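Please read the following walk through the model with the coordinates open beside you.

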Amino acid sequence: KILKLQSALNFSHTLLKEIVKPGDVVVDATAGKGNDTLFLAQLVGERGHVYSFDIQAQATQLTQRLVEQHQVEQQTTVINDGHENLTNYVKSPITAAIFNLGYLPEGDHKIVTKPQTTLKSVQSMMKLLKPNGIIILVIYYGHPGGKQEKEQVLQFAKSIDQHQFNVLQYQFINQIHEPPILLALQKR
Ligand code: SAM
């Protein structure tokens with residue numbers, strides 16, 4: 001089989017597939033249309049759990065409908081609240097979390113993730129994360145405010161103590177139009 005370099009989005013699923021096991025507790029910080037929530041719910045199975053956040057009711061409704069269609073609603077809690085309020089809902093250690101930063105495709109492009117809330121959420125997750133657990137951020141930054149969020153998230157990621165986390169940056173650097181960046185933070 002020929003190995004092809006994957007897009008940031010596909011690579012996020014490759015990493016999750018390697019790390020998330022049946023029975024795990026995981027977080028989708030930006031539910032959107034629910035694609036990552038569904039993917040995670042299938043990985044954790046009936047004994048595991050996915051907590052899925054979005055501030056837009058449109059997104060949480062789409063996500064709830066998608067998990068019901070695929071009969072994985074039992075292991076999924078879809079929450080219409082900001083991921084910065086994570087600790088109000090998630091009490092147990094987590095194996096993985098994923099963020100897709102930016103706006104909901106085909107939704108209101110003005111409703112976007114913000115650096116302050118994104119970083120607050122990432123910092124709570126870092127505490128909840130199990131050893132070898134992973135936090136993935138797929139950063140889209142072509143929209144207004146996107147560049148500032150990218151810069152702040154990168155600055156934070158670079159400052160994380162290497163004895164506690166391995167931090168990876170993955171991006172096609174020869175593509176036009178702001179190719180997404182994947183960051184992966186793995187607890188040591
Ligand atoms: N992964 C999604 C999918 O597969 O469709 C796409 C996510 S989209 C790029 C980003 C989402 O983050 C939007 O739906 C937006 O409403 C949501 N969002 C923005 N700020 C948020 C916050 N503070 N907490 C949770 N979700 C937020």
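The secondary structure of the chain comes to 5 helices and 7 strands, where helices (H or I, at least four residues) and strands (E, at least two) are DSSP runs numbered from the N terminus. Read from the N terminus, these elements follow the order α-β-α-β-α-β-β-α-β-α-β-β. The radius of gyration is 16 Å, close to the 16 Å that the globule rule gives for 188 residues, so the chain is as compact as a globular protein of that length; the radius is taken over C-alpha atoms, and the rule is 2.2 Å times the number of residues to the power 0.38.

This is a predicted model, in which local features need pLDDT of at least 70 and side-chain atom pairs count only at pLDDT 80 or more, while totals for chains, interfaces and linings use all residues. Residues are numbered from 1 along each chain as its sequence is written.

Along its principal axes, the C-alpha trace spans about 40 × 40 × 40 Å. Buried residues make up 42% of the 188 residues; a residue is buried if 20 or more other C-beta atoms, placed from the backbone, lie within 10 Å of its own, exposed if 12 or fewer do, and partly exposed in between. Of the contacts with a separation of 6 or more, 72% are accounted for by residues 24 or more positions apart, a contact being two residues whose C-beta atoms, placed from the backbone, lie within 7 Å.

Consider next how two of the helices meet. Helix 1 (residues 8-19) and helix 2 (residues 35-44) pack at an angle of about 20°, with their axes 10 Å apart. That makes helix 1 roughly parallel to helix 2, a term used for angles under 35 degrees, where the axes are lines fitted to C-alpha atoms over the stretch in contact and the angles run from 0 to 180 degrees between N-to-C directions. His13, Leu16 and Lys17 in helix 1 meet Phe39, Leu40 and Leu43 in helix 2. By class, this contact has 4 nonpolar, 1 polar and 1 charged residues, with Ala, Val, Leu, Ile, Met, Phe, Trp, Tyr, Cys and Pro counted as nonpolar, Asp, Glu, Lys and Arg as charged, and the others, Gly among them, as polar.

Helix 2 is mostly covered, since 7 of its 10 residues are buried, and these are Asp36, Thr37, Leu38, Leu40, Ala41, Leu43 and Val44. The buried residues of helix 2 pack against helix 1, strand 1, strand 2 (49-53), helix 3 (57-69), strand 3 (76-79) and strand 4 (94-101). Gly45, whose phi is positive, near 70°, follows helix 2.

Where does Lys21 lie? Lys21 sits in the loop between helix 1 and strand 1 (25-28), and it counts as exposed because it has 12 C-beta neighbours inside 10 Å.

The loop between strand 6 (165-170) and strand 7 (181-187) holds Gln171, which is partly exposed, with 15 other C-beta atoms within 10 Å. Leaving aside neighbours within four places in sequence, Gln171 is in contact with Ala8, Pro179, Ile181 and Leu182.

Most residues other than glycine have a negative phi. His177, although not a glycine, has a positive phi of about 65°, and Glu178, also a residue other than glycine, has a positive value near 45°. His177 is exposed, with 5 other C-beta atoms within 10 Å, whereas Glu178 counts as partly exposed, with 15 C-beta neighbours inside 10 Å.

Technical notes
Angles under 35 degrees count as roughly parallel, over 145 as roughly antiparallel, 65 to 115 as roughly perpendicular and the rest as oblique.
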